[in-house]
Amino acid sequence: MRAVVTAGDGGPEVLSVGEVEDPRPGAGEVLVDVVATAVNRADTLQRMGYYPPPPGASEIIGLECSGRITELGEGVEGWSVGDEVCALLSGGGYASRVAVPVGQVMPVPAGVSLVEAACLPEVAATVWSNVFMTAHLDKGERFLVHGGGGGIGTMAIQLAAARGAEVYTTAGSPETLELCRSLGATRAISYRDEDFVEVLTEVGGADVILDNMGAKYLGRNVSALATNGRLVIIGFQGGTKGELDISALLRKRGSVTATSLRARPLVEKAKICCEVVENVWPLVAAGRVRPIVETTMPLEDVARAHQLMEDGGRAGKIVLTL
Ligand SMILES: NC(=O)c1ccc[n+]([C@@H]2O[C@H](COP(=O)([O-])OP(=O)(O)OC[C@H]3O[C@@H](n4cnc5c(N)ncnc54)[C@H](OP(=O)(O)O)[C@@H]3O)[C@@H](O)[C@H]2O)c1
């Protein structure tokens with residue numbers, strides 16, 4: 001089959017499309033003919049050699065896809081050959097076929113094309129699991145998501161707003177700040193020209209913060225928390241080693257959590273996908289949460305897609321079609 005192959009660890013130029021052996025669906029898996037996949041920031045880390053696939057996962061990059069089921073592995077029930085699906089993957093998405101544990105296979109939400117559906121699983125599962133299952137963001141609470149223009153950010157703004165939270169976000173360019181407001185952010189804060197701590201402190205602090213920056217924002221995030229606030233760290237674009245003022249956290253009775261979706265056991269990922277289908281897909285079908293696609297390009301342009309992701313200043317997801 002066609003798949004993205006890497007010539008060692010390095011920049012986008014190590015990526016190209018080649019021929020590799022087809023995957024086979026194991027027990028409890030389905031084989032999907034991939035129609036589209038999408039680029040995630042973690043893919044760029046894997047390409048550079050900093051984020052190896054977990055044991056047993058495909059070596060091929062790609063954390064999500066959409067396509068059609070072509071084969072059912074032993075013991076799979078509830079799906080048929082020909083079904084159009086999207087899927088959360090531990091790897092293997094940048095390829096024309098992928099074997100997927102059945103718990104990570106989801107229907108395509110109503111009103112979304114099969115190509116667009118490729119960019120939903122990773123962001124929907126990450127935002128739902130962290131913001132709602134872990135941090136329990138409630139209706140009427142104040143929510144801050146950093147990087148509001150990114151794949152995660154655009155999903156987090158829409159989902160939190162649709163569930164009745166008051167949404168604050170940080171972003172870089174005026175265009176991205178405008179997009180964040182159009183998606184439901186009450187206040188979009190320029191991370192270049194403004195201090196998000198000041199903005200949040202003025203309104204009483206954030207009940208939940210979803211953070212992509214890690215070390216760089218650790219202290220400031222704790223300062224921006226409300227009493228009983230929950231900080232969930234999912235990325236380290238600003239480094240991995242920070243300093244935490246325990247007394248500041250303690251005074252706020254705050255919590256700091258960090259999670260990774262990819263390494264979770266199958267049963268946890270299946271539960272997350274179940275909750276996504278139950279809670280997020282109806283909002284997508286109702287048009288209240290939509291896939292935000294910056295650009296769509298053929299798989300052959302994968303190196304350009306990674307360069308675009310690393311250049312920043314985009315809005316939403318980059319989709320690769322097969
Ligand atoms: N732990 C997990 O399970 C998990 C799962 C999925 C994603 N993630 C992480 O979540 C993060 C977002 O992923 P993604 O795929 O959505 O990437 P993305 O689309 O590239 O989004 C990253 C965003 O970060 C913003 N940013 C850059 N510098 C910033 C700053 N100083 N302050 C605030 N925002 C800043 C960028 O804004 P500009 O372009 O405007 O500069 C961009 O919108 C990544 O760190 C990724 O590794 C973690």
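I began with D195 and R220, whose side chains form a salt bridge at 3.1 Å, N to O. D195 sits in the loop between β10 (187-190) and α6 (196-202) and R220 in helix α7 (residues 218-224), so this pair ties together parts 25 residues apart in sequence. I noted D195 as partly exposed because its relative accessibility is 27%, and R220 as partly exposed at 31%. A reminder to myself: this is a predicted model.

Next I searched the whole structure and got 15 salt bridges. One of them joins R230 to E141, with the closest N and O atoms 2.8 Å apart. I placed R230 in strand β12 (residues 225-233) and E141 in the loop between α3 and β8 (142-145), 89 residues apart. R230 and E141 are both buried. I also wrote down a network of salt bridges linking D22, D33 and R97.

Then I turned to helix α9 (residues 266-279). Its 14 residues reach 20 Å from first C-alpha to last, close to the 20 Å expected. Which residues of α9 are buried? I listed K269, I272, C273, E275, V276 and N279. Down the axis of α9 the buried residues fall within an arc of 160 degrees, so they line one face of the helix. Their cover includes β5 (84-88), β7 (105-107), α3 (121-134) and α10 (281-285). The face turned away carries the exposed residues L266, V267, C274 and E278.

Last, I looked at the surface: L244, I246, L250 and V256 form a nonpolar patch with about 340 Å² of accessible area together. V256 belongs to strand β13 (residues 255-258), and I marked V256 as partly exposed because its relative accessibility is 32%.

Key
Residues are numbered from 1 along each chain as its sequence is written. This is a predicted model: local features need pLDDT of at least 70, side-chain atom pairs count only at pLDDT 80 or more; totals for chains, interfaces and linings use all residues. Side-chain values use heavy atoms; hydrogens and water are left out. Patches are made of residues with over 30% relative accessible area and no salt bridge: like charges are joined within 9 Å, nonpolar side chains (Val, Leu, Ile, Met, Phe, Trp, Tyr) within 5 Å. Accessible areas come from the Shrake-Rupley method with a 1.4 Å probe; for residues, only the protein chains shown count as cover. A salt bridge is a side-chain nitrogen of Lys or Arg within 4 Å of a carboxyl oxygen of Asp or Glu. Helices (H or I, at least four residues) and strands (E, at least two) are DSSP runs, numbered from the N terminus. Buried means under 20% relative accessible area, exposed over 50%, partly exposed in between (1.4 Å probe, protein chains only). The expected span of a helix is 1.5 Å times one less than its number of residues. The arc is that of the directions from the helix axis to the C-beta atoms. Contact means heavy atoms within 4.5 Å.
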